[in-house]
Amino acid sequence: MRTVDLRSDTVTLPPPAMREAMRRASLGDDVYGEDPTVRALEELAAEITGKEAALLVASGTMGNLVAILTHCGRGDEVILGDQCHTFLYEAGGIAALGGIHPHPIRNEPDGTIPLERIGAAIRPGNVHFPRSRLICLENTHNRCWGSPLSPEYTQAVAELAHQHGLAVHLDGARIFNAAVALGVEVRELTTPADSVTFCLSKGLAAPVGSVICGERGFIEEARRVRKMVGGGMRQAGIIAACGLVALRTMIPRLAEDHENARLLAQGIADIEGLEIEPDRVRTNILYFDLVRGDPEAFHYWARAKGVLFHRTGPRRFRLVTHYGITRPDIDYALAILAEAAGKLL
Ligand code: TLP
């Protein structure tokens, strides 16, 4: 049976060039700082993001955790969006492992948090309050339709944070999607932030890995925190080799995923029984609603025909386009969605 897996861009399989790079990679013990391939990846990541240094970690979740643990001590407060991944989907790690107090404030539909709302959330010095230490942004914003945050917005948040002595961490799991969608250099999106985590294992199709980038002293401390959470990896050049291929060859093709997402959204807009705002598609993530009928039955029917996607609300579903999804796959997915919705009319 044909499978069109639109659950996430995390399901991408490494292209042949990555498998070959893995086979040829020069290796060493990275905890001793002796893996040349990891070092090459970290240097390239720092250069691309306009930072002094970088650190390979196992996942986006670990990248955000290590970065936030490096910025904050126990009892410190992080201001973040109520729809952001770190608040919703990282198992409460910053609180559980770092005693860090999350202060969620409402995200706008485009993934931003208005500056006034951030400003109002920053605590004055007072023994009753936790210390506001950090602001987290997410670019692109997963729950907000993969919307990209602009360089100007990121800069404005950083200025506000720095005026109050706070730092900014950017969850840039899909920062390259943002750069491609906005037609800007990735460093325009990353230099205002004090630290950034980006993922190699989403749209860039590497099998494992994320990278934290920041100032040299910050990254040295993050290296210690990574060891503390068990993230020191040994011959990690196997992973880094794929990351190098990802950064060197996989970024421009993200535009195809964005185009496929647009086509999917336009097609869904024409299916009776489904509701979508197609103009909200900016990158590779979209959401739609089933207007009537049993969502469980709809989901089951699509899955039975090999079209996979996540249910993210009572009547809401998410689709994510990525490497390996072709134009004919989009046509097939649309045909199956129409069939599934038609059964419920
Ligand atoms: N997101 C996954 C799921 O966890 C929801 C997905 O399928 O979209 N930041 C952002 C913005 C993310 O979307 C994700 C993964 C992460 C961090 C965590 O990355 P990993 O899965 O590598 O820990």
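I took contact to mean heavy atoms within 4.5 Å. With that in hand, I opened the notebook on a predicted model, in which local features need pLDDT of at least 70, side-chain atom pairs count only at pLDDT 80 or more, and totals for chains, interfaces and linings use all residues. Residues are numbered from 1 along each chain as its sequence is written, and side-chain values use heavy atoms, with hydrogens and water left out.

**Entry 1: M22**

I began with M22 and left aside its neighbours within four places in sequence; M22 is then in contact with P207, I238, A241 and C242. I found M22 in helix α1, residues 16–24. Helices here are DSSP runs of H or I with at least four residues, strands are runs of E with at least two, and both are numbered from the N terminus. M22 has a relative accessible area of 24%, so I noted it as partly exposed. I also looked up the distance to I212, which is 190 residues from M22 along the chain: their C-alpha atoms are separated by 21 Å.

**Entry 2: two domains**

How is the chain divided? I have domain 1 at 13–249 and domain 2 at 253–343; the bounds come from an automatic or database domain assignment. Taken over C-alpha atoms, the centres of the two domains are 29 Å apart. Across the boundary, I noted 20 residues of domain 1 in contact with 17 residues of domain 2. The area buried between them is about 1,700 Å², and carbon and sulfur atoms give 57% of it. Buried area here is the accessible area (1.4 Å probe) that two parts lose on being put together, summed over both.

How many salt bridges are there between domain 1 and domain 2? The count is 0. My rule for a salt bridge was a side-chain nitrogen of Lys or Arg within 4 Å of a carboxyl oxygen of Asp or Glu.

**Entry 3: charged pairs**

By that rule I get 21 salt bridges. A reminder to myself: side chains of opposite charge can pair when their charged atoms come close.

I looked at D5 and R7 next, a salt bridge with its closest N and O atoms 2.6 Å apart. D5 is buried at 14% relative accessibility, while R7 is partly exposed at 32%.

Then I turned to E42 and R223, whose side chains meet in a salt bridge at 3.4 Å, N to O. E42 lies in helix α2 (residues 36–49) and R223 in helix α10 (residues 216–228), so this pair ties together parts that are 181 residues apart in sequence. At 7% relative accessibility E42 is buried, and at 31% R223 is partly exposed.

R253 and D257 form another salt bridge, with 2.7 Å between the closest N and O atoms. Both R253 and D257 are buried. I also noted a network of E20, R23 and R24, joined by salt bridges that share partners.

**Entry 4: backbone checks**

Most residues other than glycine have a negative phi, and most peptide bonds are trans. T140 sits in the loop between β5 (131–138) and α7 (151–163).

W145 is in the loop between β5 and α7 too, and its phi is positive, near 65 degrees. Is W145 buried or exposed? It is buried, with a relative accessible area of 2%.

A91 also has a positive phi, near 55 degrees. I placed A91 in the loop between α4 and α5 (93–98), where it counts as exposed at 77% relative accessibility.

**Entry 5: surface notes**

Which residues make the nonpolar surface patch of about 260 Å²? I wrote down F87, L88 and Y89. L88 belongs to helix α4, residues 85–88, and is partly exposed with a relative accessible area of 36%.

My last stop was E152, in helix α7. E152 counts as exposed at 59% relative accessibility. E259 is 107 residues from E152 along the chain, and I have 25 Å between their C-alpha atoms.

Notes. Patches are made of residues with over 30% relative accessible area and no salt bridge: like charges are joined within 9 Å, nonpolar side chains (Val, Leu, Ile, Met, Phe, Trp, Tyr) within 5 Å. Accessible areas come from the Shrake-Rupley method with a 1.4 Å probe; for residues, only the protein chains shown count as cover. Buried means under 20% relative accessible area, exposed over 50%, partly exposed in between (1.4 Å probe, protein chains only).
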